[in-house]
Amino acid sequence: NSLTVVIKNFMRPLNEDALKSEQTQPILSSEKVQIIFSDIEAIRSVHRKFLSKLRKRVQTWSPMRKIGNLFLKLVPKLDVYITYICNFDSASQTLAESMHDVHFAKFLEAMMKLPGVTQSLDSYLIMPVQRIPRYKMLVEGLLNKTPSDHPDHSNLERALHALDKKTQQFNDRKKISETMEKLLEIQYLLHNSQIPIPILSSNRSFTREGNLEVKIDGEKTGFYFCYLFNDGVLLTRGKKDKSLQFGKFLNLVGSVILEGNNEDKPFYQITFPK
């Protein structure tokens, strides 16, 4: 079980270290451990109980046996994921920042050598975010194989409808987490640069990126690697695969943006408010 791997090999050792390191610097503070792992134990508890009930049902299986009602009872309990997903952006940010610490980096390297640990911590932490859509696919598959006159058919239909709603909630949160991951990536690339504005913002969404030739009033001002957000344009210099230097941030609030093509080259014309 992937969640057990996370709890046993990452979360608990870090918690224990934080508790016993009152006089010395812990690998991670208790606050950071809580932010990174959030409600992962509660999520595991929900699925352990569901698995136990499912196993009992399968052990006494018959052609007219029902499992759709188990999924119906599970769906409200999946609300525990909402907390996890809401916290996912903060967890990702805290983990990314902590990985620059030598002691934490050594801890992660040591844990990766343990039996049963097959993925990096960030790969494990994304798994709960992927779980709800997989439940939907499972119930959808069961419904497709269940005859319409079977006593479990209506339960599976209702469970699928309920999971649809949960999946939508998941998708909304996933968009937020993907935006946060991108903003974290940009912030990391700019870590050697003095940045006068915060890159991370709960209201900021990423649109696109690419090389950009900037002209102001028709006059060239230089070439930049550009990040376009919903509220501004970040202009940077350097190589994206190495590190970037902050150039400018153009605030787009109240601006008018026109998109077009000139000799197959896309361009944006921005008119700023006076």
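## Threonine 179 and its contacts

Leaving aside residues up to four places away in sequence, threonine 179 touches Arg204, Ser205 and Phe206; contact means heavy atoms within 4.5 Å. Threonine 179 sits in helix 8, residues 153–189. Helices (H or I, at least four residues) and strands (E, at least two) are DSSP runs, numbered from the N terminus. With a relative accessible area of 17%, threonine 179 is buried. Buried means under 20% relative accessible area, exposed over 50%, and partly exposed in between, with a 1.4 Å probe and protein chains only.

This is a predicted model: local features need pLDDT of at least 70, side-chain atom pairs count only at pLDDT 80 or more, and totals for chains, interfaces and linings use all residues. Residues are numbered from 1 along each chain as its sequence is written, and side-chain values use heavy atoms, with hydrogens and water left out.

## Salt bridges

The structure holds six salt bridges; such a bridge is a side-chain nitrogen of Lys or Arg within 4 Å of a carboxyl oxygen of Asp or Glu. One of them joins aspartate 231 to arginine 204, with the closest N and O atoms 3.0 Å apart. Aspartate 231 is in the loop between strand 2 (219–229) and strand 3 (232–239), while arginine 204 is in the loop between helix 8 and strand 1, 27 residues apart. Both aspartate 231 and arginine 204 are buried.

Glutamate 209 pairs with lysine 182, the closest N and O atoms being 2.7 Å apart. Glutamate 209 belongs to strand 1 (residues 206–216) and lysine 182 to helix 8, so this bridge ties together parts that are 27 residues apart in sequence. Lysine 182 is buried at 15%, whereas glutamate 209 is partly exposed at 32%. A network of salt bridges links Lys182, Glu185 and Glu209.

## A patch of positive charge

Lys49, Lys53, Lys56, Lys73 and Lys77 gather in a positively charged patch on the surface. Helix 3 (40–59) and helix 4 (68–77) are the elements that give two or more residues to this patch. The largest share, three residues, comes from helix 3. Lysine 73 is placed in helix 4 and counts as exposed, at 54% relative accessibility.

Patches are made of residues with over 30% relative accessible area and no salt bridge; like charges are joined within 9 Å, and nonpolar side chains (Val, Leu, Ile, Met, Phe, Trp, Tyr) within 5 Å. The place of a charge is taken as NZ of Lys, CZ of Arg, CG of Asp or CD of Glu.

Note on methods
Accessible areas come from the Shrake-Rupley method with a 1.4 Å probe; for residues, only the protein chains shown count as cover. Lys and Arg count as positive and Asp and Glu as negative; His and the chain ends are not counted.
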